[in-house]
Amino acid sequence: YLLLFYFPVFQTYDTMLSQIAFNPILSVTPPLKKEKNQLCSLLCNINCRSGRTNSMASNHRTNNYLRHLESMKILPSGAGRIPHLNAVILGESLATEEEEFVLPSEEFASKALVQSPEQYLEMYKRSIEDPAGFWSEIASDFYWKQKWGDQVYHENFDVTKGNINIEWFKGGITNICYNCVDRHVEAGLGDKVAFYWEGNELGVDATLTYAQLLDQVCQVANYLKDIGVKKGDSVIIYLPMLMELPITMLACARIGAVHSVVFAGFSSESLSQRITDCKPKVVITSNAVKRGSKVIYLKDIVDSAINDSAKNGVSIDVCLTYDNTLALTREDTKWKEGRDIWWQDVIPQYPTTCPVEWLDAEDPLFLLYTSGSTGKPKGVVHTTGGYMVYTATTFKYAFDYKPSDIYWCTADCGWITGHSYVTYGPILNGATVVLYEGAPNYPDAGRSWNIVDKYKVSIFYTAPTLVRSLMQYGDEHVTRYSRKSLRVLGSVGEPINPSAWRWFYNVVGDSRCPISDTWWQTETGGFMITPLPGAWPQKPGSATCPFFGVEPVIVDEKGVAIEGECSGYLCVKRSWPGAFRTLYGDHERYETTYFKPFAGYYFSGDGCSRDKDGYYWLTGRVDDVINVSGHRIGTAEVESALVSHPKCAEAAVVGVEHEVKGQSIYAFVTLVDGVPYSEELRKDLVLTVRKQIGAFAAPDKIHWAPGLPKTRSGKIMRRILRKIASRQLDELGDTSTLAEPQVVNQLIELADQ
């Protein structure tokens, strides 16, 4: 088998092919020879890097295909066959752009959870044909106080047949905190490290074992109960990446409180919106945090948000504040007596045991707000049982997790990635997780690899934005560290372009680490389309194939499913355990946004292509949401902030490609009559957005606009604005139907001013 797999090394390649690869009875060979035949078929379709060819291979290339993908044509993806490959094997560098496949090495595949495409297809087929049986077996590995009933799941995905409804394991009684922490401690893993925490400054760190984690979770849970927080109550968490953040999340889950983590980079206005919407019993924050050399005064932001929410009728009686002395002293922290309480003054006083609140699988676990196209953030609701099973399973298989792995995801817990793949997914698997408080380029561009070497990180999961950013600093910041511990790399948040993928693979991973390029969303709870390391040949930039139980469908603008090679709108045909159940307090918007565009499907809002080989390629948002560095930002939110400025009459925002951030925000601004354009006003408009939403939503470009291209009915033609912003002026199309066609030429003339 090894001789066959590493055929470029050996001189007997031609002989091997002539003897075994083109056996005319290949398609009916007995099962015991299946693995050899799969490999032989693979060999006869690869264009070797060595340039070695075989006349028999060329004669048969049109008739022999990768057998491991043949059965895909009968699966919902509609994928076709692969006629040939330009490929390397894991361990070899991608030397040219023509090498489009990275094949798992035998060494890696032999130790993987899923060791071959055939095994993947077998598992995937079962997950589609028997989802109840497939997910029940997996769910049984967790602790349930009471098992679910005969019906494992219930769903209605079709708005024409009634209200959208998704339920998994309903009637099953469990607790995700118990499964994350108590279960492992009781299994004898109390001394295993749960979290390595790396501070912003070099040399500042801490360690927390599973036993210590349980103690601290119980202390926070007891405090929350003592101040009146009970099952179903909301808790707002506005913390930086301290260990206290996942501790607080788990404490809420332990007592059945619904946590809503807000990224500690959102403005006071954004935080106030969330407080007003979910009406929390308590807000938990820190006085400040250092990111790089910059101090961010979190408590000031929270104070302003609490004051604003009070004006909207929502008052906060308790603000629990962690004393982050490395960023700000107590004496310099603004304080309101009677409301504000120091974490360190109360939490350590509480008992280190706390009873678990047993919950139905469909009881809510957390509320996470995500940007919407209407301007108002959407409160995505995830429930307990299905989310628990799905995040744990996706983490395990997509990263080929082993108990000895040290795992680091660079995401903040304020985003869904931090929920599913910093806290719940890894901890449910008993993993050791690295948390990092600071910036990836502080004090220099090698900090990430310094952390990898320090903690012997084996699984590294990050965003394409970070990859592209670090690429710009040069290879030397990477190669001066060993990174020998790395085993699997991962990408999240947006599509990763092939050039960044290749750099990530060649330079960061030394051409020996597969990349799990994952596609999923806040709404999906976990990975939907992802490679499985060891099982599947990878293409740079492609999310590859669907995860178990996920049935993706690409539809045209009329909602008609397209088979085979195509481009269109990415939808999902049926429910999966990790799917969100509703939008907080607005089920109608839930149905309208996600299920009405294409009846019978969940609409992701993303465009997607499927190539001739059945691989999925995400092409970005198709709605009015911009993906900046993995952060989804609604265009309406930014437009609303701009128009709030007294000198701005109208604004239209579009996303344009950015080599580092994926997309950047490009704003067309029409000023009030008589107001002149100026650099000072441009800066003031940008600051307005930073103040109302956050720095990450600030426009990169303000384009002065005497008017906007509109139809006669008043609709802004954003398609035209995108073309102008991207300088694709030869693709503007017909502008004669606009109410004022001359506006387009005016905008083009002002483009570079």
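Trainee: Which residue in strand 10 does I237 stand opposite?

Mentor: I237 stands opposite V261 there. Keep in mind that this is a predicted model.

Trainee: OK. How many bridges join strand 9 to strand 10, and do they run parallel or antiparallel?

Mentor: Four bridges, and the two strands run parallel. Strand 9 covers residues 234-238, and strand 10 covers 258-261.

Trainee: What lies in the β-α-β unit with those two strands, and which hand does the unit have?

Mentor: Helix 11, residues 244-255, makes the unit with strand 9 and strand 10, and the unit is right-handed.

Trainee: Back to I237: what is its bridge partner in strand 11?

Mentor: That's I284. Strand 11, residues 282-286, pairs with strand 9 over four bridges, in the parallel sense. I237 therefore has a bridge partner in strand 11 as well as V261 opposite it in strand 10, given that strands count as paired from at least two bridges.

Trainee: Is strand 9 mostly covered or mostly open?

Mentor: Mostly covered: five of its five residues are buried.

Trainee: Which residues sit on which face?

Mentor: S234, I236 and Y238 are on one side, V235 and I237 are on the other, and all are buried. In a regular strand the side chains alternate between the two faces of the sheet.

Trainee: Switching topic. Why is strand 17 largely enclosed?

Mentor: Because six of its seven residues, in the run 364-370, are buried, the rest of the structure largely encloses it.

Trainee: And what sense does strand 17 have when it pairs with strand 18?

Mentor: Antiparallel, over six bridges, with strand 18 spanning residues 378-383. In that pairing, L368 stands opposite V380.

Trainee: Now a helix. How many residues of helix 17 are buried?

Mentor: Seven of nine, in a helix that runs over 447-455. The buried ones are R447, S448, W449, I451, V452, D453 and Y455.

Trainee: What follows helix 17?

Mentor: K456 does, and its phi is positive, near 55°.

Trainee: Last one, zooming out. How many helices and strands does the chain have?

Mentor: There are 25 helices and 33 strands. The chain has 753 residues, and 61% of them count as buried. Looking at contacts between residues at least 6 apart in sequence, 72% join residues at least 24 apart. The chain exposes about 28,500 Å², and carbon and sulfur atoms supply 50% of that.

Methods: Residues numbered from 1 in each chain as written. Predicted model: local features only at pLDDT ≥ 70, side-chain atom pairs only at ≥ 80, totals over all residues. Heavy atoms only, no water. Buried < 20%, exposed > 50% of the residue type's maximum accessible area, 1.4 Å probe, protein only. Right-handed = clockwise from strand over helix to strand, strands pointing away. Contact = heavy atoms within 4.5 Å. Areas by Shrake-Rupley, 256 points an atom, 1.4 Å probe, with all protein chains shown as cover.
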